[in-house]
Amino acid sequence: MELYALLKLIWAALLCILFIGLGLMVGMDMGVGTLLRFVGRNDGERRTALNIIGPHWDGNQVWFILGGGAIFAAFPTLYATSFSVFYVVMILLLFSMILRPVAFEYRSKADSTLWRASWDWVFLISGFLPMFIYGAAFGNILEGVGYHFGWNGQYYQDSSFLSYLLNPFVILCGLMSVSLSVYQGGVMLMMRSENPIYSRARTYAQRGGLLAIVLFAIGGLFISRMKGFVLTAPVDPAMPANPLHGQHVAQLAGGWLHNYAAHPFLWLLPVLGFASMTLSVLAVRAQKAILAWWSGLGCWIGTIGTVAAAMFPFLMPSTTAPDQSLSIWNSTASAYGLTCMLVVALIFVPIILCYTSWCYYVMRGKVRTADIIHDSHSY
Amino acid sequence: MDLINPTVVDLSRFQFALTALYHFMFVPLTLGLTFMLAAMETVYVVTGRKIYKEMAQFWGKLFGINFAIGVATGITMEFEFGTNWSMYSRFFGDMFGTPLAIEGLMAFFMESTFVGLMFFGWDRLSKQAHLAVTYLVALGSNLSALWILIANASMNVPEGAHFDPDTMRMQFDSFVHVVFNPDAQSKFVHTSVAGYVSAALFVMGISAFYILRGQHKQFAARSFRMAALFGIISTVAVITLGDVLGRMDYEKQPTKIAAIEGLWHTSKPPYEPWILAALPDDAKQENHFEIGVPFVLTPLITHDFNTPITGLHELEDAAGPRIQSGIEAVSALRRYGETHQQADLDVFQAHEADMGFGFLATRHAPGQDVTTLSAEALPQVIEATKPDILPNVFVTFWAFRLMVFLALYFFALFAISSYVSLKNRLERNRLLLRLCLWSIPLPILATEFGWITAEAGRQPWTVFNRLPTFLSASTHSVSYMLFSLAGFAVLYSIFIAAELYLMFKFARLGPEAHDTPQTAPDHLHLGGAASTPAAAH
Amino acid sequence: MSLLRMAGLAIVLVISLLFAVFVGDQGPWYFSWVIGTVMIILISGAGAILLDAQMDSSSEKEV
């Protein structure tokens with residue numbers, strides 16, 4: 001296999017890992033944000049919940065920024081097209097995302113009840129909406145998106161943003177992602193809080209996990225009947241990364257199951273998803289928070305892996321110009337760019353993991369409401 | 001092919017300028033305050049005097065208020081390249097995305113992870129470990145600026161990349177060229193140190209406020225002294241690097257330097273004056289009046305006395321042949337894209353260097369398509385395109401001048417403040433203290449003017465001489481643009497109101513109040529389930 | 001332990017030297033930024049310590 005094709009594959013794999021990491025870590029913080037108003041019934045409890053993720057939310061949010069940056073660098077055409085095609089949705093996501101850092105930093109810095117209650121609503125919105133859109137985006141790309149390219153590579157949009165939001169399958173995917181995030185947020189709260197937050201978080205984590213199982217099953221049924229995309233002629237994986245040429249694509253009912261039919265071992269991914277979700281719910285019931293946290297990782301691997309296996313090699317298929325569908329072969333950066341990014345990632349990702357773990361280690365232990373109130377540094 | 005709507009392009013530009021300028025109100029303070037905090041904490045660790053820890057903590061709190069919005073509005077910038085500048089991102093993403101991604105991996109991660117420890121780790125880390133964390137936050141935020149400016153420099157001086165006709169985009173081919181791009185180097189140091197100036201004046205101004213009120217004397221005197229010294233050296237560095245950047249533009253972006261200096265005609269060394277004030281008229285292409293200092297311009301820009309600097313008229317005339325050649329490049333590129341014939345590729349490669357000028361002409365061609373241009377229409381299109389190669393002279397000229405005048409003012413202010421502080425005569429110089437207090441927003445203003453100079457001066461290009469701005473925007477409808485613009489206006493107004501409220505609140509409270517633990521007021525008592533309306537669940 | 005510390009110091013020195021040689025050559029302004037920032041921090045810190053000394057020597061003197 002040519003080096004360029006290999007680089008494209010590696011980056012597609014890294015993209016998957018990034019999406020999983022993003023779902024897990026950012027989802028966890030967003031879940032705490034969504035649950036904030038429900039697990040904390042007074043100001044002290046809410047501050048406790050916030051301070052559990054307080055030292056880490058910023059670092060976690062960088063996974064999200066990094067997700068954008070990595071797509072920009074490694075899949076510039078995908079970045080350029082998807083962000084513009086989903087304009088209104090992306091702007092909504094952006095608005096809810098930029099409210100979060102401000103909410104964290106500002107909420108507890110003034111004493112007014114109205115001030116704090118308003119920021120608590122901001123936490124709910126900025127926890128729920130980004131995760132909903134995150135899931136919904138997967139729903140949209142599975143269904144295909146309406147766009148085509150002009151001769152010089154400018155994209156043109158062929159369908160309205162409403163079709164990307166008001167659509168049962170897309171809403172289902174959005175809720176699926178929210179329920180996993182609520183689950184993970186609940187588990188994080190369980191790990192580092194005491195009653196009454198602990199028991200409330202446990203209830204919500206359990207509900208989140210159960211809902212995820214149901215939605216995953218329904219989603220699977222949808223996908224199996226959906227008009228998926230398939231390559232009608234083999235492509236050259238090492239082709240120049242240009243969606244205008246070299247690809248022939250058809251849209252067929254059940255097309256997303258072709259990869260599963262060709263490689264039955266891929267069925268392990270949805271099985272992993274279901275198994276992890278079941279384990280998650282059981283672990284929460286048994287009050288094994290640490291097991292539950294790691295089992296949340298399995299849930300994300302299972303779900304994102306299932307989608308990735310169904311879509312390979314497509315990244316964002318086009319319904320109006322299927323031949324111009326973006327795939328991992330035609331929307332990556334140059335071989336040189338991919339190599340550079342790979343080297344940089346190989347150096348820095350281990351360093352990041354080291355200091356992130358050290359940070360968790362330093363801030364370990366249960367967060368107590370009484371301590372928060374007397375610590376002027378806390379959120 | 002759908003036509004490009006100029007209104008959408010203008011709205012995209014307006015939105016980008018608005019969000020970038022807004023983001024850049026908070027970034028300079030972050031860049032500088034982190035190192036100031038590190039300096040204060042260093043003194044604490046070295047001398048063991050508690051007052052320096054209080055200083056680091058108090059200014060750290062103000063830093064935190066500022067930092068949150070800096071992070072939040074930075075996310076916007078990352079989104080906007082994709083949401084509003086699709087063609088640009090696709091055309092230049094291979095090159096531009098890499099520094100952005102490295103910024104995330106190398107700098108932003110470090111900054112964001114350690115900022116949590118910096119705020120929360122005072123009691124959990126040893127003195128030395130906490131100091132190291134503070135330095136890492138400072139280094140992280142400045143490295144972040146480094147990579148962003150490397151990316152920005154690659155738009156201004158696109159080195160280390162070539163155009164690839166098979167993928168219809170610029171492809172990255174030299175990491176070292178991109179990182180050590182001379183424009184990136186001087187831009188980074190200029191911007192980072194401008195941040196130091198902003199932070200120094202911020203700390204100095206608020207300390208002056210305490211001294212004026214006779215509050216927190218020990219605390220304020222020390223903060224003032226450190227800030228004044230921090231500021232004076234930084235201001236010198238900013239001015240030096242500004243000079244370096246000017247020379248860089250003279251070599252690589254002649255249109256920018258001519259616009260900055262309001263130079264309509266090629267200069268006559270050595271007596272060509274440096275214009276202090278003028279009223280450039282972009283429509284008539286002349287200055288309405290000029291006040292200048294003779295013999296200054298040539299040595300200022302070229303560092304010698306006899307090299308002429310090309311004027312805007314001359315640059316415009318020289319663009320004619322490049323536009324014609326560019327139109328041939330674009331036509332050949334399109335043919336090659338459809339047929340993949342070697343003959344077309346050869347034609348393209350002969351004219352490749354001028355391709356950007358061909359794209360620039362699209363706006364004036366019938367149907368916005370230069371590839372089907374008739375021979376009769378060609379001269380007319382070239383004439384219409386020529387003035388397009390010039391940036392807006394009025395804006396560039398004045399943004400630059402205001403920035404320079406402010407920098408000179410800061411130099412004087414920091415010099416006098418340092419002297420008075422070293423002589424311990426601050427309390428007797430109330431006018432100086434008031435001046436310091438009221439000057440707090442000025443460095444922010446100066447950095448904004450700096451951004452305007454650099455980016456307005458780069459027009460009409462997003463990628464200098466390669467991709468015009470009006471071709472770079474996404475093909476949205478006007479209603480989409482208005483939706484996002486309205487959203488930004490509302491959100492950003494709320495942000496600035498909240499930020500100013502908290503800044504004033506904590507600055508007024510001062511360091512002592514910060515040290516006593518925050519107690520919840522009565523209506524927020526612990527466990528009072530019915531006390532907050534939000535408990536209704 | 002002291003040997004370990006020495007080794008650590010030596011590594012830091014070698015890295016700084018390599019940085020100085022390579023970056024000083026390829027990116028003189030980057031290098032000057034590092035040196036300049038260190039200098040700015042040290043001078044402003046020294047100013048504060050000088051203030052402490054001034055205060056200590058004449059406690060009656062006003063700020």
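Colleague: How many residues of chain B are in contact with chain A?

Modeller: This is a predicted model, in which local features need pLDDT of at least 70 and side-chain atom pairs count only at pLDDT 80 or more, while totals for chains, interfaces and linings use all residues. Residues are numbered from 1 along each chain as its sequence is written, and chains are lettered from A and ligands numbered from 1 in the order in which they are written. Two residues are in contact if their C-beta atoms, placed from the backbone, lie within 7 Å. On the chain A side 78 residues take part, and on the chain B side the number is 84.

Colleague: Which element gives the largest share of the side of chain B that touches chain A?

Modeller: Helices (DSSP H or I, at least four residues) and strands (E, at least two) are DSSP runs, numbered from the N terminus. Two or more residues of that side come from each of α2 (50–84), α3 (86–120), β2 (169–172), α10 (312–339) and α18 (478–515) of chain B. The largest share is 25 residues, and they belong to α3(B).

Colleague: How many nonpolar residues does the side of chain B that touches chain A have?

Modeller: Ala, Val, Leu, Ile, Met, Phe, Trp, Tyr, Cys and Pro count as nonpolar, Asp, Glu, Lys and Arg as charged, and the others, Gly among them, as polar. The side has 31 polar and 11 charged residues, and its nonpolar residues number 42.

Colleague: How far apart are the closest C-alpha atoms of chain A and chain C?

Modeller: Two pairs of chains touch, and the pair with the most contacts is A and B. Chain A and chain C have no contact, and their closest C-alpha atoms are separated by 16 Å.

Colleague: What is the radius of gyration of chain B?

Modeller: The radius of gyration is taken over C-alpha atoms, and the globule rule is 2.2 Å times the number of residues to the power 0.38. For 537 residues a compact globule would come near 24 Å, which agrees with the value for chain B, 26 Å.

Colleague: How far apart are the C-alpha centres of domain 1 and domain 2 of chain B?

Modeller: Domain bounds come from an automatic or database domain assignment, and chain B is divided into domain 1 (6–253 + 391–512), domain 2 (267–309) and domain 3 (313–389). Seven residues of domain 1 of chain B are in contact with seven residues of domain 2 of chain B. The distance between the C-alpha centres of these two domains is 30 Å.

Colleague: How far apart are the end C-alpha atoms of helix α2 of chain C?

Modeller: UniProt, in an unreviewed entry, places a "transmembrane region" at residues 30–51 of chain C, and annotations may be inferred rather than shown by experiment. Those residues are 100% helix. The expected span of a helix is 1.5 Å times one less than its number of residues. The 30 residues of α2(C) (residues 28–57) should therefore span 44 Å, which agrees with the end-to-end value, 42 Å.

Colleague: Is M168(B) buried or exposed?

Modeller: M168(B) is in the loop between β1 (161–164) and β2 of chain B, and its phi is near 60 degrees, a positive value in a residue other than glycine. A residue is buried if 20 or more other C-beta atoms lie within 10 Å of its own, exposed if 12 or fewer, and partly exposed in between, with C-beta atoms placed from the backbone. M168(B) has 22 C-beta neighbours inside 10 Å, so it counts as buried.
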